[in-house]
2 protein chains.
Amino acid sequence: MNRNGTLVVFSGPSGSGKGTVLGEYLKSHPEAAFSVSATTRRPRPGEADGVNYWFVTRERFEEMIAKGEVLEHTQYNGNYYGSPAGPIREQLAAGRDVILEIEVDGAMQVKERFPEALLIFVMPPSFRELERRLTGRGTESREEIQGRLAAARQEMAMAPRYDYILVNDDVAGAAGRLAGLIQAGKWVPARCGELLRGFLEEE
Amino acid sequence: MNRNGTLVVFSGPSGSGKGTVLGEYLKSHPEAAFSVSATTRRPRPGEADGVNYWFVTRERFEEMIAKGEVLEHTQYNGNYYGSPAGPIREQLAAGRDVILEIEVDGAMQVKERFPEALLIFVMPPSFRELERRLTGRGTESREEIQGRLAAARQEMAMAPRYDYILVNDDVAGAAGRLAGLIQAGKWVPARCGELLRGFLEEE
């Protein structure tokens, strides 16, 4: 069937392992496009424009917001971050799935502007396991970990507003289920408008 | 994960091949239970109680309706047909998926009484193909076929109220996709209530 790609929004608390699951999925699904965010922060050593981020000026970013050229955006530490709409719409129109890895607030912005987006929320198998993972990293203080756990609880409360839950119990299993969720999501009637209209309007 | 089975409601117009797809699915998924309907019509030669239908009296059926013991029911040619709730709830509680093959009206009744039911609408790849299939059977008059096509158009208009569309372009492919839709449907937040509550209430 010739049809548009699906816009997939991928969120989850710090420690859910969403980046790892997504990396595993993209390795076996090179046909899917990962959306590169735009930001006003300066590139760090080794970061390349169009690979890690699109690096733009503050003036340019505010122009993008004003013109509706970002699907969602946020500010963090005084810098803008957002998802440029143009490349996303082009790839969708070409039939490619596009994947956004963004925070809960951004996900809700996307859903409002792009209702057929497929929202997937990644969670660890349990709160205890999340704590274990964050502690195991060994990179953060006790207070930072408590802060992340509190944030995770708040983010988890938004899970019911997503289309699907993805429990990351093991990476390969979760990446496989992710593929199944993305495929199934294409068959929800709200994303089959063209197909249904075509059928009903047929002579 | 230890959890309830999913109640799957399967509908589609005559000629969509829904029975064939379902048969193919059940062959490779013996863990799923097909719900046997109750009816007040008399058994035909070769039909067995509890296999083709549960054969009950009119009095008993009306008692079942009054006591809420059927998840949905309809009358056709002066006889009642319906889905007994008891065996369905038992199998779901034991973790088995239960599949109902019922008409659009019954599907809407189930959705109302059992909101977490997963509704799947089977459609042929095109209206022309549906006509070809109905004509190809060679068992019905031109008028009967026109009547079925008109009914199919009406049923198709209800497709947007289902959770998923399943296009039956080829039986094996559709049965495989059906398996994917049933698995994905389990990860919709409305069907993960226990999981989400468990996570948030965890100490």
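This is a predicted model: local features need pLDDT of at least 70, side-chain atom pairs count only at pLDDT 80 or more; totals for chains, interfaces and linings use all residues.
Which strands of chain B form a hairpin, and how many residues lie between them?

1. **The hairpin in chain B.** The hairpin is made by strand 5 and strand 6 of chain B, with two residues between them. In the turn you will find B:Asn77, which has a positive phi of about 55°. Strand 5 covers residues 70–76, and its pairing with strand 6 is antiparallel, over five bridges. If you want a landmark along this pairing, look for B:His73, which stands opposite B:Gly82 of strand 6 in chain B.

2. **Another partner for strand 6.** Strand 3 of chain B (residues 38–39) also runs antiparallel to strand 6 of chain B, and two bridges join them. Is strand 6 of chain B enclosed or open? Six of the six residues of this strand (residues 79–84) are buried, so strand 6 of chain B is largely enclosed by the rest of the structure.

3. **The parallel sheet.** Chain B also has an open sheet of five strands, in the order 2-7-1-8-9, with parallel pairing. At its edges stand strand 2 (33–34) and strand 9 of chain B; each has a single partner strand, so one side of each is left without a neighbour in the sheet. For strand 9 of chain B, a parallel pairing over four bridges is made with strand 8 (residues 118–123) of chain B.

4. **How the two chains are related.** What rotation brings chain B onto chain A? Chain B superposes on chain A by a rotation of 180°, with 0.0 Å of shift along the axis and an RMSD of 0.0 Å. The two copies are thus related as by a two-fold rotation axis. Both copies use the same surface, since 100% of the contact residues of chain B recur in chain A.

5. **The interface.** Chain B gives 30 residues to the contact and chain A gives 30 residues. About 2,700 Å² is buried between chain B and chain A, with 71% of that area coming from carbon and sulfur atoms. On the chain B side, the residues that lose the most area to chain A are B:Trp187, B:Phe199 and B:Glu202, together 25% of what that side buries. Between chain B and chain A the count of salt bridges is zero, while three residue pairs are found in polar contact across the interface. Elements giving two or more residues to the side of chain B that touches chain A include helix 5 (127–137), helix 6 (142–156) and strand 9 (164–167) of chain B. Helix 7 (171–185) and helix 8 (193–201) of chain B are also among them.

6. **Salt bridges.** Over all chains, the structure holds 30 salt bridges. One of them joins the side chains of A:Glu140 and A:Arg148, at 2.2 Å from N to O; A:Glu140 is buried at 16% relative accessible area, whereas A:Arg148 is partly exposed at 33%. In chain B, the side chains of B:Glu140 and B:Arg148 meet in a salt bridge at 2.2 Å, N to O. Chain A also has a network of salt bridges linking A:Arg60, A:Glu63, A:Lys67 and A:Glu69.

7. **A link between two loops.** B:Asp163 and B:Arg191 form a salt bridge, with their closest N and O atoms 3.4 Å apart. This pair links distant parts of the chain, 28 residues apart: B:Asp163 is in the loop between helix 6 and strand 9 of chain B, and B:Arg191 is in the loop between helix 7 and helix 8 of chain B. B:Asp163 is partly exposed, at 21% relative accessibility, but B:Arg191 is buried, at 17%.

8. **A buried lysine.** A:Lys186 sits in the loop between helix 7 (171–185) and helix 8 (193–201) of chain A. Is A:Lys186 buried or exposed? Its relative accessibility is 12%, so A:Lys186 counts as buried. The side chain of A:Lys186 makes a polar contact of 2.8 Å with that of A:Thr6. Leaving aside residues up to four places away in sequence, A:Lys186 touches A:Arg3, A:Thr6, A:Asp97, A:Arg191 and A:Cys192.

Terms used
Residues are numbered from 1 along each chain as its sequence is written. Chains are lettered from A and ligands numbered from 1 in the order in which they are written. Side-chain values use heavy atoms; hydrogens and water are left out. Buried means under 20% relative accessible area, exposed over 50%, partly exposed in between (1.4 Å probe, protein chains only). A polar contact is a pair of N or O atoms within 3.5 Å; within protein, one must be able to donate a hydrogen and the other to accept it, and residues adjacent in sequence count only if both atoms are side-chain atoms. Contact means heavy atoms within 4.5 Å. Copies are superposed by least squares on the C-alpha atoms of residues with pLDDT of at least 70 in both. Two strands pair if DSSP finds at least two bridges between them. Buried area is the accessible area (1.4 Å probe) that two parts lose on being put together, summed over both. A salt bridge is a side-chain nitrogen of Lys or Arg within 4 Å of a carboxyl oxygen of Asp or Glu.
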